[in-house]
Amino acid sequence: MAAFEYRGERLFVEDLALDELAARFGTPAYVYSRAAIETQWRAFDKGLGTTPHLVCYAVKANSNLAILNLLARLGSGFDIVSGGELERVLRAGGDPGKVVFSGVGKNEQELRRALEVGILCFNIESEAELERLNRLAGEMSRRAPVSLRVNPDVDPKTHPYIATGLKEHKFGIAMEDAVDLYRRADEMPHIAVRGIDCHIGSQLTDLEPFAEATRRVLVLADELQAAGLELSHLNLGGGLGIRFRDENPATPAVYTQLLCELLQGRSFKLLIEPGRAIVGNAGLLLTQVEYLKDSGAKHFAVVDAAMNDLMRPALYQAWHDIAPVYLRTDIESETYNVVGPVCESGDVLGAERTLRIAAGDLLAVHSAGAYGFSMSSNYNSRPRAVELMVDGSEVHVVREREGVAQLYVGESLLPD
Ligand SMILES: *Cc1c(COP(=O)(O)O)cnc(C)c1O
């Protein structure tokens, strides 16, 4: 995490001190490092080397237009899961011809819009969706490029809420049904079969589930080719984990090397959909301590960021490193539960953290670049945080702090 490091007692993002950013822009604030984002994307792209490939950034991890635009400039593709994400990609200058569309519940409007702009591929999650797409494409006199998202039934050994590749999950098509459905797809007049897709989960720290899923997908690819179906690409999804605490996930270099080895001698174009591994450790949530409080049983640091800003700890019991922006030596350390102002006992950003802090101090909640802002809400009528992008010694406001009046846009009173 060289993008975030102490110089003397102060924590910096690239060449800017976080205390200065807090003074200029207030807290809570999401702060991203341009260099860190670009370095991570390039690591995937470079790792796939001469294997024909496309890195499709998973937009849901962080859909800020500036981030999408930086990645589009690098030549990135995009994995989207809604019509809203498609519009973001287009608005950010992304190439629709490099967009793949995942998700179990694509509605008619979303499918039509994606057909209209000419996306690269629909990742189909059910027979019913395939039929709907065939009909809509017919109405628009188009052929829709598709992959079927198969469910390889591999346990990714991650948190149950972010495991997606087991039979019990709502995602994908069971392996044993895949060949039949591919045959049907191939006969549909407005469907063009392009590839196979899978995505088994998120925050994977072990490479073996990726390898096993890939092997299973390759067995299916062989079966399909034997049945006379031509495939041009394999999409192996995203899911590579990052270090939050003491995890040791493979680097993008090691992960991509494994994929290249598994695909050696095959002529498929390889698509991957990393999200978290590109932006997760490229961002932090900057927050200020409002109060220190002692309940008799516990010490609390009440900060100005909350579960509405960063939902992962409450939703997944996720652990984020929480570090002081200024390293004090003048105060004894104490063990705190770092909590937000939201009226929920689950509003804990970090439990049992040993910190030397006083009221008014700034804290950095690390590894918050992915599934941080993008999962944020206005619960408790809290305006969403400002988002800042640091680029060397410059900072850009890439999303203004929400104003309170924005919270009730579109609401109205009943007539007298
Ligand atoms: C969420 C998701 C991803 C990205 O997962 P990460 O863990 O952020 O890499 C990729 N593909 C699909 C289909 C997803 O749902």
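Where is the place of Ser381? Ser381 sits in the loop between E19 and E20. Here helices (H or I, at least four residues) and strands (E, at least two) are DSSP runs, numbered from the N terminus. The model is predicted: local features need pLDDT of at least 70, side-chain atom pairs count only at pLDDT 80 or more, and totals for chains, interfaces and linings use all residues. Residues are numbered from 1 along each chain as its sequence is written, and side-chain values use heavy atoms, with hydrogens and water left out.

Backbone geometry came under study next. Most residues other than glycine have a negative phi, and most peptide bonds are trans. Ser381 is not a glycine, yet its phi is positive, about 50°. Ser367 also is not a glycine and has a positive phi, of about 55°. Ser367 is found in the loop between strand E19 (362-365) and strand E20 (386-391). Is each serine buried or exposed? Ser367 is buried, with a relative accessible area of 3%. Ser381 counts as exposed, because its relative accessibility is 55%. Buried means under 20% relative accessible area, exposed over 50%, and partly exposed in between (1.4 Å probe, protein chains only). A cis peptide bond runs from Thr27 to Pro28, with omega near -5°. Pro28 lies in the loop between helix H1 (18-25) and strand E4 (29-33).

Helix H3 spans residues 65-74. Its buried residues include Ile67, Leu68, Leu70, Leu71 and Ala72. At the N-terminal end, Asn64 caps H3: a side-chain oxygen lies 2.8 Å from the backbone nitrogen of Ala66. Such a polar contact is a pair of N or O atoms within 3.5 Å; within protein, one must be able to donate a hydrogen and the other to accept it, and residues adjacent in sequence count only if both atoms are side-chain atoms. Gly75 follows H3 and has a positive phi, near 100°.

Asn337 belongs to strand E17 (residues 334-339). Asn337 counts as buried, because its relative accessibility is 9%. Its side chain reaches the backbone nitrogen of Glu352 at 2.8 Å. Neighbours within four places in sequence aside, Asn337 is in contact (heavy atoms within 4.5 Å) with residues including Lys298, Phe300 and Gly350.

The structure holds 0 disulfides (pairs of cysteine sulfur atoms within 2.5 Å). Cys56 is in no disulfide; the nearest cysteine sulfur, that of Cys121, is 9.4 Å away. Cys56 is buried, at 0% relative accessible area. The sulfur of Cys260 is 15 Å from the closest cysteine sulfur, in Cys56, too far for a bond. Cys260 counts as buried, at 17% relative accessibility.
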